[in-house]
Amino acid sequence: MRADASPSPVSIAAMPVEIDIAKVASLARIALSAEELARYGAQLGAILEHAERVQQLPTEGIPPTSHPVPMTNSFRPDKVTESLSPDEALSGAPAAEDGYFKVPPVLGDE
Amino acid sequence: MSDPADLTIAAAGAKLRSGELSSVDLTEAVLERARMSESHLHAYLTLDQTGAREKATAADAALAAGDDRGPLHGIPIALKDNMCTKGIETTASSQILAGWIPPYDATVVSRLQAAGSVLVGKTNLDEFAMGSSTENSAYGATRNPWNTDTVPGGSSGGSAAAVATGSALAALGSDTGGSIRQPAALCGVVGVKPTYGLVSRYGLIAFASSLDQIGPFTRSVEDSAVLLEAIAGHDIHDATSIRGEIPNFRGSLHHGVAGLKIGVIKELSGPEIDPEVRTSVSKMHDALADAGAEVTEVSLPSCEYGLSAYYLIAPAECSANLARFDGVRFGLRSEGATTEEMMAATRAEGFGPEVIRRILLGTYALSAGYYDAFYGQAQRVRTLIRQQFAAAYEGVDVLVAPTSPTTAFEIGAKTDDPIAMYYADVCTIPINLTGDPGASIPIGLDSADLPIGYQVMAPSLGEERMFQVAQAVEDIANFTARAPLATSEVVSP
């Protein structure tokens, strides 16, 4: 995303922090009760108000840093080396069968 | 003679080679110290007594046969429990990984083994390294050996407490926002966060990949340099690890500070720092000037935004990294009629509150419509902070600041207030964002007899200069006090 495509810092700062906490929890795949959702929602609001301080700094034309080491690609020789056996790879699995990880049905009944 | 458990790596190494002491003696002394202190501290999640004794016996045999692996040969070392150890349970202090036995070793573990060291055990941490007090562990909090009513700092609190107590001669921790330096300060030991990419992260259970870095806890600056030399270097298994030769970290250790330019960070010297910490740190600035350094104040205004940027970037990366804990490949699985229900139930049951909080925060900060305002803006602020630090280093050799705004705080004091807890990292976070190295050195005690840490920071790959100044700080401070729990008189029931 480019800096010049975003709204100015001032208009962002004016944006109230609205959180659809149930949607966020669903995206994060965490099953929370209504009481937990309310508690985390309130805490997140408070943390985001604090984090919003980043919007006070003018950053027009400043490129984002995703990573502290200036490198583009990291290559290694394309050689076959030792790796985990299927048994080792499955050794921590809660359920496995015939060399595969086993999960409940991916689709529901309906 | 002092107890072998209280020796530095350098002193123990000399005794091992003179025949005054064996690795078995050293290991038994450390295990005895653990036996006395663990019920008070809970520094360890797993104490591998059998494995440690076997390794110590093997180290003695190798040394007797002339196979000397170097300065770590026969030295008992502890590992934070977020580093994978083949065949030894690794939990990251989370219920979601309870009982998990990794099928491989982290690169740092392989390197420590190749260097002949003895693994004592796995130390406690805030769950997935998220926290500043080691209270967020699913297996109970670790306590500070200086005062067991207080926290050891975090997230590597177990490693810091073990080294301060003598239940290990040294330890490894990981530092994402201060998780090595802050507990080192609170426990009165030396802790180093190396340059990002200097130490392989392969086998480190990921929290925030662009910030995480493994580093040493020791009782002297020299020991930290020795330990870092053993674990640093390019690793084919970590695409972000830096290629090229590893500098000699001990090359300038005793060169002093005469003629060096030292910058005091103005934004970390104000009223937000506890007055006793401020006084102690300020005295060290003066002492370094007396030793011949040119000490000036440097303003880094973007520093004040570090905490806010960090608490968007780190949760964003954590929400992606922790997606792998879903009940399929390892760890806990809860019941669910479908795969998706099983995953959501597993994650709700397996993660503690702080981890859930950060995953939700990160998920929100990365979600459509909010990405640029939060995550994108935090990344641009990160660039500003990097630019300001780089500009500062054009005028000074190192930057200095307190490591922590306060000394150790009471257990439970900040557990209900996430933002107050986050503030514990205000002095350490900036250089996680820049990727630069930093060290914390104990310089004294406050009026409550709790340790104060002094932070020395250098430009990326400037470890040699950082260690040089850290050594001067250590020499000036002459911090010889030991945690009460490190002395057998106090511990004996």
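D98(A) sits in the loop between β1 (96-97) and β2 (100-101) of chain A. Helices here (H or I, at least four residues) and strands (E, at least two) are DSSP runs, numbered from the N terminus. D98(A) has a positive phi of about 50°, although it is not a glycine. D98(A) is also exposed, with 6 other C-beta atoms within 10 Å. For that label, a residue is buried if 20 or more other C-beta atoms lie within 10 Å of its own, exposed if 12 or fewer, and partly exposed in between, with C-beta atoms placed from the backbone.

Before going further, a word on the model and its numbering. This is a predicted model, in which local features need pLDDT of at least 70 and side-chain atom pairs count only at pLDDT 80 or more, while totals for chains, interfaces and linings use all residues. Residues are numbered from 1 along each chain as its sequence is written, and chains are lettered from A and ligands numbered from 1 in the order in which they are written.

**Chain A as a whole**

Chain A holds 4 helices and 2 strands, and along the sequence they follow the pattern α-α-α-α-β-β. Of its 110 residues, 15% are buried. Take the contacts in chain A between residues at least 6 apart in sequence: 53% of them join residues at least 24 apart. Two residues are in contact if their C-beta atoms, placed from the backbone, lie within 7 Å.

**Where the chains meet**

How many residues of chain B are in contact with chain A? There are 60, and they meet 50 residues of chain A. On the chain B side, the elements giving two or more residues are α9, α10 (339-350), α11 (353-366), α12 and α13 (418-422). Of these, α12(B) gives the most, with 13 residues. The chain B side divides into 33 nonpolar, 18 polar and 9 charged residues. In this scheme Ala, Val, Leu, Ile, Met, Phe, Trp, Tyr, Cys and Pro count as nonpolar, Asp, Glu, Lys and Arg as charged, and the others, Gly among them, as polar.

The table sets them out.

| Helix pair | Angle | Axis distance | Crossing |
|---|---|---|---|
| α3(A) (34-51) and α11(B) | about 60° | 10 Å | right-handed |
| α9(B) (306-321) and α12(B) (372-392) | about 125° | 9 Å | left-handed |

Axes are lines fitted to C-alpha atoms, for helices over the stretch in contact, and angles run from 0 to 180 degrees between N-to-C directions. A crossing is left-handed if the near helix is turned anticlockwise from the far one by less than a right angle, and right-handed if clockwise.

Helices α3(A) and α11(B) pack at about 60°. Their contact is made by Y40(A), Q43(A), L44(A) and I47(A) of α3(A), together with I356(B), R357(B), L360(B), L361(B) and Y364(B) of α11(B). By class, this contact has 7 nonpolar, 1 polar and 1 charged residues.

Helices α9(B) and α12(B) pack at about 125°, which makes α9(B) oblique to α12(B). Angles under 35 degrees count as roughly parallel, over 145 as roughly antiparallel, 65 to 115 as roughly perpendicular and the rest as oblique. From α9(B) come G306(B), A309(B), L312(B), I313(B) and A316(B), and α12(B) answers with residues including F374(B), Y375(B), A378(B) and I385(B). The residues of this contact divide into 9 nonpolar, 2 polar and 1 charged.

**L312(B) and the core**

L312(B) turns up again in the largest nonpolar core, which has 175 residues; L312(B) and V456(B) are those with the most contacts inside it. A nonpolar core is a set of buried Ala, Val, Leu, Ile, Met, Phe, Trp, Tyr and Cys residues joined through C-beta atoms within 7 Å. Helix α9(B) gives the most to this core, with 9 residues. Which residues does L312(B) touch, not counting those up to four places away in sequence? They are A51(A), V54(A), A365(B), F374(B), Y375(B) and A378(B). In soluble globular proteins, nonpolar side chains tend to be buried together.

**Backbone details in chain B**

Most residues other than glycine have a negative phi, and most peptide bonds are trans. L461(B), not a glycine, has a positive phi of about 65°. L461(B) lies in the loop between β11 (451-457) and α15 (463-477) of chain B, and counts as partly exposed with 19 C-beta neighbours inside 10 Å. A cis peptide bond joins G154(B) and S155(B), with omega about 10°. S155(B) is in the loop between β3 (118-123) and α5 (157-165) of chain B.
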